[in-house]
Amino acid sequence: MVTLPLLFDPAATFQCGQCFRFSQPQPGVFRGIARHHALTVTRQGDTLLLSCEPAEFDRVWRDYLDLDTDYPAIIRQLSAFSPLLCEAAACAGGIRILRQDPWEALCSFILSQNNNIPRICGIIDRFCVLLGKPLPGGGFDFPTPQQLAACSLEDLAPLRAGFRAKYLLSAARLVTGGQVDPVSCCTLPLPQAREMLQQIHGVGPKVAECVLLYGCHRLEAFPMDVWMHRAMEKWFPGKTPEDFGPYAGIAQQMIFHYSRLHPALFHESGS
């Protein structure tokens, strides 16, 4: 067991829509699988308890949870950008951008299209049970591109993923064929990384941007959905994602979380 001070908000981080393999079985308790390991995070007041040994924490979870990035300094810098970002930081400043596996993020956000979080989680859980390797502590690893590429659409019918199944197969076959390399998107110039990901059938600008931010930890990436378009029009008219600088993705998470918590602000008179 590893005990930490409250370095991040586990509820906001695991439930903000950036990852889909962490659940909350009871208040303050979060369980999930990443990087071939299972983890339980329990919040007790201003303390976090992690169900792992110190060696595993240092090898796996410190990096996955992005604990070495100075978020308070980044948030102070972003808060100076506008009063709205300062307000957003007050309610969303505990979110951390997880360092997820690029392949897992690619599949996850393909499955996220026109979908809601509970259903996405269900499809991904069935995907891992169907094709993933059993883990020693229980649960299943995320399937590899090779495991998925060997499947047919009929093989994927138990996922109940609808039209997204053919997009998964497109991704797996392009990755195993070498045309797309999600890991290289972590270091390629951003325009090239976006172009590479959008070779995949069903991957458009939004999904590509999500993969870059949440899977490749490209903190300058800025996914735009309906909430973000409305928020940008209301609070940042005339601004572009590039105006937020190298930490635009963290600004996006704060704005997105703030917008979801305050939907009534979009219906004020004069908006």
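# Briefing: a predicted protein model

Ile200 sits in the loop that connects α9 (190–197) with α10. The model is predicted. The protein holds 12 helices and five strands. Buried residues account for 51% of its 271 residues.

**Ile200 and its surroundings**

- Ile200 is buried, because its relative accessible area is 1%, and the cut-off for buried is under 20%.
- Setting aside neighbours within four places in sequence, Ile200 is in contact with Leu106, Ile110, Tyr167, Ser170, Ala171, Leu174 and Val180.
- Ile123 is 77 residues from Ile200 along the chain, and the two C-alpha atoms are separated by 20 Å.

**Overall build**

- For 271 residues, a compact globule would have a radius of gyration near 18 Å. The protein has 19 Å, which agrees with that expectation.
- The C-alpha trace spans about 50 × 45 × 35 Å along the principal axes of the protein.
- Take the contacts between residues at least 6 apart in sequence: 64% of them join residues at least 24 apart.

**Surface and charge**

- The protein has an accessible surface of about 12,300 Å². Carbon and sulfur atoms contribute 55% of that surface.
- There are 23 positive and 25 negative side chains in the protein. The centres of these two sets are 5 Å apart.

**Cysteines**

- The count of disulfides is zero, where a disulfide needs two cysteine sulfur atoms within 2.5 Å.
- For Cys19, the closest cysteine sulfur is that of Cys16, at 6.7 Å, so the pair is too far apart for a bond.
- Cys121 is in no disulfide either, and its nearest cysteine sulfur, in Cys19, is 8.0 Å away.
- Cys19 counts as buried because its relative accessibility is 5%.
- Cys121 counts as partly exposed because its relative accessibility is 23%.

**Ala208 in helix α10**

- Ala208 belongs to helix α10, which covers residues 205–215.
- With a relative accessibility of 0%, Ala208 counts as buried.
- Not counting residues up to four places away in sequence, Ala208 touches Arg194, Leu197, Gln198 and Val203.
- Ile110 lies 98 residues from Ala208 in sequence, yet the C-alpha to C-alpha distance is 9.1 Å.
- Ile110 is also one of the residues in contact with Ile200.

**Positive phi at non-glycine residues**

- His36 has a positive phi of about 70°, although it is not a glycine.
- His36 is placed in the loop between β3 (29–34) and β4 (37–44).
- His36 counts as exposed because its relative accessibility is 54%, and the cut-off for exposed is over 50%.
- Asp66 is not a glycine either, and has a positive phi of about 60°.
- Asp66 is found in the loop between α2 (54–64) and α3 (71–79).
- Asp66 counts as buried because its relative accessibility is 3%.

- Asp181 has its place in the loop between α8 (164–176) and α9.
- At 36% relative accessibility, Asp181 counts as partly exposed, a class that lies between buried and exposed.
- Thr13 and Asp181 are 168 residues apart along the chain, with their C-alpha atoms separated by 27 Å.

Definitions and conventions: Residues numbered from 1 in each chain as written. Predicted model: local features only at pLDDT ≥ 70, side-chain atom pairs only at ≥ 80, totals over all residues. Heavy atoms only, no water. Helix = DSSP H or I, 4+ residues; strand = E, 2+ residues; numbered from the N terminus. Rg over C-alpha atoms; globule rule 2.2 N^0.38 Å. Buried < 20%, exposed > 50% of the residue type's maximum accessible area, 1.4 Å probe, protein only. Contact = heavy atoms within 4.5 Å. Areas by Shrake-Rupley, 256 points an atom, 1.4 Å probe, with all protein chains shown as cover. Lys, Arg positive; Asp, Glu negative; His and termini not counted. Charge placed at Lys NZ, Arg CZ, Asp CG, Glu CD.
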